[in-house]
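This report describes the fold of one protein chain, from its overall make-up down to single residues. Please keep the sequence and the structure in view while reading.

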Amino acid sequence: MIRWLIVVLLALILINGFTPWLQKLGFGRLPGDIRFKLFGREFFLPLTTTIILSLVAAGIAKVL
């Protein structure tokens with residue numbers, strides 16, 4: 001269980017780092033991706049994008 005939490009956390013960090021590039025592809029505007037402002041900073045939680053990219057990665061890993 002802890003491994004999955006670490007994997008999800010790392011995926012969120014990676015996706016957050018690649019956000020500008022992924023937005024050009026249409027990711028980050030999917031239903032379920034949360035964007036909010038708090039104390040003058042904008043926060044982004046790409047939940048749906050994470051699930052989709054995880055499924056794609058799992059499919060690629062299964063093929064390989």
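A residue is called buried when its relative accessible area is under 20%, and exposed when that area is over 50%. In this predicted model, buried residues make up 16% of the 64 residues in the protein chain. The accessible surface of the chain is about 5,500 Å², and carbon and sulfur atoms account for 74% of that surface.

**Order of the elements**

The protein chain contains three helices and two strands. Read from the N terminus, the elements follow the order α-α-β-β-α. Of the contacts with a separation of 6 or more, 29% are between residues 24 or more positions apart.

**The hairpin**

How do strands β1 and β2 run, and how many bridges join them? Strand β1 covers residues 33-38 and strand β2 covers residues 41-46; the two run antiparallel and are joined by six bridges. Among the facing residues, D33 stands opposite P46 in β2, and K37 stands opposite E42 in β2. Together β1 and β2 form a hairpin, with two residues between them.

F39 lies in the loop between β1 and β2, and G40 lies in that loop as well. Most residues other than glycine have a negative phi. F39 is not a glycine, yet its phi is positive, near 55 degrees. Are F39 and G40 buried or exposed? F39 counts as exposed because its relative accessibility is 80%, and G40 counts as exposed because its value is 74%. G40 and L64 are 24 residues apart in sequence, and their C-alpha atoms are 44 Å apart in space.

**Where α1 meets α3**

Helix α1 spans residues 2-17, and helix α3 spans residues 47-63. The axes of α1 and α3 come within 10 Å and cross at roughly 105 degrees. Angles of 65 to 115 degrees count as roughly perpendicular, so α1 is roughly perpendicular to α3. On the α1 side of this contact are A11, L12 and I15; on the α3 side are T49, T50 and L53. Of the residues in the contact of α1 with α3, four are nonpolar, two are polar and none is charged.

T49, which is found in helix α3, deserves a separate look. Is T49 buried or exposed? T49 counts as buried because its relative accessibility is 1%, and the cut-off for buried is under 20%. Leaving aside neighbours within four places in sequence, T49 is in contact with I15, F27, G28, L30 and D33. One of these, I15, belongs to α1, and another, D33, is the residue that stands opposite P46 in β2.

The table sets out the three residues whose accessibility is given above.

| Residue | Relative accessibility | Class |
|---|---|---|
| T49 | T49: 1% | buried |
| F39 | F39: 80% | exposed |
| G40 | G40: 74% | exposed |

Definitions and conventions: Residues numbered from 1 in each chain as written. Predicted model: local features only at pLDDT ≥ 70, side-chain atom pairs only at ≥ 80, totals over all residues. Heavy atoms only, no water. Pairing = 2+ DSSP bridges. Helix = DSSP H or I, 4+ residues; strand = E, 2+ residues; numbered from the N terminus. Buried < 20%, exposed > 50% of the residue type's maximum accessible area, 1.4 Å probe, protein only. Contact = heavy atoms within 4.5 Å. Areas by Shrake-Rupley, 256 points an atom, 1.4 Å probe, with all protein chains shown as cover. Axes fitted to C-alpha atoms, helices over the stretch in contact; angles between N-to-C directions. Parallel < 35°, antiparallel > 145°, perpendicular 65-115°, else oblique. Nonpolar A, V, L, I, M, F, W, Y, C, P; charged D, E, K, R; others polar.
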